[in-house]
Every structure is written in structure tokens, then in C-alpha cells.
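Please read them beside the sequence and the coordinates.

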Amino acid sequence: MIKKIILFFAVLIAIVIGQQPLNVVPYPQQVSVGTCIIPLTPGSILIESNIESSTFSVSMDRYTNLFFPFSNETEPTSSSESFLLQVTIYSDDETLQLGIDESYSLSIEQGSYQLKATNIYGAMRGLETFKQLIVYNELENSYSIVCVSISDSPRYPWRGFMVDTARHYIPKNMILHMIDSLGFSKFNTLHWHLVDAVAFPVESTTYPDLTKGAFSPSATFSHDDIEEVVAYAKTYGIRVIPEFDIPGHAAAWGIGYPELVATCPEYAANVNNIPLDISNPNTFTFIQNLFTEIAPLFLDNYFHTGGDELVTGCWLEDPTIAKWMTKMGFSTTDAFQYFENNLDVTMKSINRTKITWNDPIDYGVQLNPETLVQVWSSGSDLQGILNSGYKALVSFAWYLDKQNPDNKLHYEWQDTWQDFYAADPTVNITSNAQNIIGGEATMWAEQINQVNWDVRVWPRAIGIAERLWSDQSINSVSLALPRIGHFTCDLSRRGIQSGPLFPDYCPMQDDLVFTMKPNTKLSKSQIKLILNK
């Protein structure tokens, strides 16, 4: 209790001296707060853009509907005039790939309200900041916005979140709802872990029996479902990266096509132990044909092929694979290398850059230098991977399914947000830190489905969002706490079940309903326009 009182007063002091004067998350790079406060009336804000964009128009409509969660009966007066936010976008290029310019500048002055960005994605980030600047006063039932000048851009170009729909099927509408929450927090990459040992929920026209490995015929994703997810994510400037985890964790592939997987009775009790049969040339033809079908559904240049937790003992127990390895003169490392080399051929043919977990490197495999390595194990492994010249993503510090992610126990489990917040990607990295291009939060779904995803992710993931966006110097838990507390309330008002981190009061709309649906529904024609189809 005493510690919480001390933290509370530390927060008050920090606010008084103005170290972080805005309730904005992630905190912007440069802030200059003016002296005026502008009153606002519900419905008084109009957004006008200098370009025509089907994608950005969805974003403008979305935020227009979010600005004022509470209505009031006040008639507009001279002091609460119409508010035109002029958005100036300098390029109409809507290409959404790694490294796009997400910077923006926002200037709010009496009579002049300007948002400027290189492209629509920077403008989307600016709209989110603008939304967070609007203050609701419950006592007066009124709104206002502070005069301010902001210049902002992300620290890292890859700010991802991994969603696991293999261990529990999560319906498409819930995935769209997840994208809402990620976009509000300025994440820009959805890593979609589609397939794992227990389920294969992705429909294939080339190999229709693959979904025999799904939990149910109704627990699958069609091509149209995937394209809708990709299009919806684009309206938030979020890239979608598919993951098909191979060669391990492949049991679900074998339900519809048994010839694809190894046979190893001693290992079969654990479904996670079953890998692909890499001695069968048809396995690689199968992968080639499947990925050629699936890759065009996604806009992104990256394709995640997993590579983690391979149980090579299963290969050795399978007589056919063992005989083949002997003929080839392969050790298990050689066999793993052979698989990854063949996978590189497939990646080149479908024009994608491969992402793997760090396991192949740990096993002694020499990956293609262009491979992006996602590190889930440790910071020491990260350092070795960086020193080997690979570009890397950090994830080991941000496993939201863990009770003690940094080997620290908290009385309140939500306080693990502090560990996530403190976990800078460069901690204990002494060289080649420039090869870290960002990171990903991960929520593995052994005990997660659409019912509890929101409350297990939020508000803890807010700390990760800020760590990947804001300057490295923005690292004080005590300064972040009131801002995150304010933002988690705002998320709740938007329909995201993000709870509190300390005792407070969050006024909510009387008609607020938490649903497993997105806040915007795209029509088929909008999806085609957004995807340029």
C-alpha cells in the first residue's frame, strides 16, 4: 500500500513539472504545448483531405465517429465553432510495406488545425494522436482540445503483434476487432500464426483436404476471409504477415495428406513432435504449390515459415527418412539445412522474403543472409544473431501468455505491463543494434480465444506499443502510468475490453456494448478498391 502511495505522488509530481504534459500513447517524439484550450461541441469536427483515397476515407470516417463518445445538448456557440482539421498528404502512393514513412506533424492553434504527412499511413497515426488529444469533462459534459504542435515518427519500422488462430480458432470478425485495437495503439504489423500442429484452418483450392485438419468445417478461413482481413488492416496502416510453421509442428498437415508427415510412434503422443517428411520430394512440390496459391492473398513481401521446436528425433525414428538421411550422408543438422535451402527456392519463386524463428540458427543451420530472424529465446541469442549479420525482430521479452515474462512476480498480474515497458530491444546489446528492425508482442492461444483475448492483451500491450514507437528516453513507468491509464479508459469507450491499472473512474457510454466485431464494416467493393483488385 505504501509503495502505491509513493508511486501515486511521484506521478503527481511528474505531471506538475510537465515532463510528459500530454495524455498521448505512444508518446510523440517532439511536443510543444501552447497556452490556449479550444472548446469543442459533438459533431463540430470535420476532416478534409487534399487527396482522394478509398483507404484513407475509411480512416477519416472511423475517427469522425470516435471523437465524441458522449453527446450533449449544448447548442454550438461562438466559443465552440466548427473545427476543420485540414489533412495534407504529399504522396498518393499507398504501397504498404516495411519501411514506409509513418511520420506526421500536427498543429492545433486557434483558427488553424493542420495535420501533415508524407502518405496516408502517417496521416492515420496523426488522426489517432488527434483523437487522444480530445478531452472530455464529465462534470461539465463538455469537450476541449489543447493548442499544441507535434512532430512525430516511430523509433522502429516493425511494430508487430502475433495472433495465434491455430491453437484456438478465432472468427474473422474477432480478428478485425483485434486489428481495431492494434491500430489504436499504433502497431503496424499483424503476424498471423495461421497453422500449427493442432489445426490447419486455411482453405486451399489446390489441396482442399488440408482443412480436414481444422477443428471443425466451420472453423476455417476462406480466401475471401483472408483478403478482408488484409484490406481492413490496410485501413489502419497495418501489414499482415502469414505464418505456416514448418518443418516441425506439422501434424495437422498430415490429417488430410498423411504422406506429408513423418511416422514416429515413440514421439506421436505429443502432437507437437510430428514434422514434415522431407525425404519425400512431393513434400516440397506440395509446399511450392500451396504457398504459390496463398502468398497473393497477402500484400506483404514477407512470409513467415516458422522453423521452431523441430523434433529431429522423429526423423531418425521414421525408417524411410532415416534411410534417406544415411544415403545422403546427412546429420539432423544437414537435413534441417536441406529443408531450409529448399524453402528458399520456394520463397524466391513466390517473390517473398523469409522470416523464421531463431531455432534453425540455434540448431546450426546457415540461413540465407536475407532471412529475417524473430528471436523468442533470449537476449544472448539475439546478440549472436545480430553479430552474424542477420536482421532481427525481438519477441522474447514480450510473451503476453507468461505469468512472469521477466522472471518477476507481481501481486497484480496486469502489472506485468511494467516488465514489457521496461524491455527495450537494445538492453545488453553491445554491437550491431542497427540490425534490430523492431519487435513483436506475442499472444499464444493455448488458453485464449475470442472470449478472453481483449482482457488478456489490454492494457498490458500498450507498454509494448510505446516501447516500439517512442524515443528510447521515454522509459519511466511512473510517467507512463497515468497516460496509459487514460488511454485504457479511452480504449474501453471504443469497445475494446481494456481494464484499469490503478484505482480510478472511467465514465462510459450508457449504451456501450462490447462485441467481437470490428467498428467498421467494409463492403466487397471497398475491399476490392483497397486491395487494388
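A polar contact is a pair of N or O atoms within 3.5 Å; within protein, one must be able to donate a hydrogen and the other to accept it, and residues adjacent in sequence count only if both atoms are side-chain atoms. This is a predicted model, in which local features need pLDDT of at least 70 and side-chain atom pairs count only at pLDDT 80 or more, while totals for chains, interfaces and linings use all residues. Residues are numbered from 1 along each chain as its sequence is written, and side-chain values use heavy atoms, with hydrogens and water left out.

1. Ser492. A polar atom of the Ser492 side chain lies 2.7 Å from the backbone oxygen of Ser498. Ser492 belongs to helix α16 (residues 477-493); helices (H or I, at least four residues) and strands (E, at least two) are DSSP runs, numbered from the N terminus. With a relative accessibility of 3%, Ser492 counts as buried, where buried means under 20% relative accessible area, exposed over 50% and partly exposed in between (1.4 Å probe, protein chains only). Leaving aside residues up to four places away in sequence, Ser492 touches Ser498, Met508, Leu512 and Phe514; contact means heavy atoms within 4.5 Å.

2. Nonpolar cores. A nonpolar core is a set of buried Ala, Val, Leu, Ile, Met, Phe, Trp, Tyr and Cys residues joined through side-chain atoms within 4.5 Å. The largest one comprises 156 residues, and Phe161, Phe244, Trp253 and Phe291 have the most contacts inside it. A second, separate core has seven residues, including Trp158, Leu372, Leu393 and Ile437.

3. Phe244 and its cluster. Which residues does Phe244 touch, not counting residues up to four places away in sequence? Among them are Leu194, Val195, Phe200, Val202, Trp253, Leu290, Phe291 and Ile294, together with Phe303, His304, Thr305 and Gly306. One aromatic cluster is formed by Phe200, Tyr207, Phe244, Trp253, Tyr257, Phe286, Phe291 and Phe303.

4. Aromatic pairs. The structure holds 33 aromatic pairs. Rings of Phe, Tyr and Trp (its six-membered ring) pair if their centres lie within 6.5 Å; planes under 30 degrees apart count as stacked, over 60 as edge-to-face and the rest as tilted. The ring centres of Trp192 and Phe221 are 5.1 Å apart with the planes at 75°, so this pair is edge-to-face. Because Trp192 lies in strand β9 (residues 189-195) and Phe221 in the loop between β9 and α5 (223-234), the pair ties together parts that are 29 residues apart in sequence. Trp192 is buried at 1% relative accessibility, and Phe221 is buried with a relative accessible area of 1%.

5. A tilted pair. Phe284 and Phe339 form a tilted aromatic pair, at 5.9 Å centre to centre and 40° between the planes. Phe284 lies in helix α7 (residues 281-294) and Phe339 in helix α10 (residues 332-349), so the pair ties together parts that are 55 residues apart in sequence. Phe284 is buried, with a relative accessible area of 13%, and Phe339 counts as buried at 0% relative accessibility.

6. Charges over rings. A charge sits over a ring if NZ of Lys or CZ of Arg is within 6 Å of the ring centre and within 35 degrees of the ring normal. Arg62 lies over the face of Tyr232, at 5.3 Å from the ring centre. Lys186 lies over the face of Trp469, at 5.5 Å from the ring centre. Trp469 is one of the buried residues of α15; 10 of the 10 residues of this helix (residues 460-469) are buried, so the helix is largely enclosed by the rest of the structure.

7. All seven residues of strand β8 (residues 158-164) are buried. Both faces are covered, with Trp158, Gly160, Met162 and Asp164 on one side and Arg159, Phe161 and Val163 on the other. Two strands pair if DSSP finds at least two bridges between them. β8 runs parallel to strand β15 (residues 436-443), joined by six bridges, and Val163 stands opposite Met443 in β15. β8 also pairs with β9 in the parallel sense over five bridges, where Val163 stands opposite Trp192.
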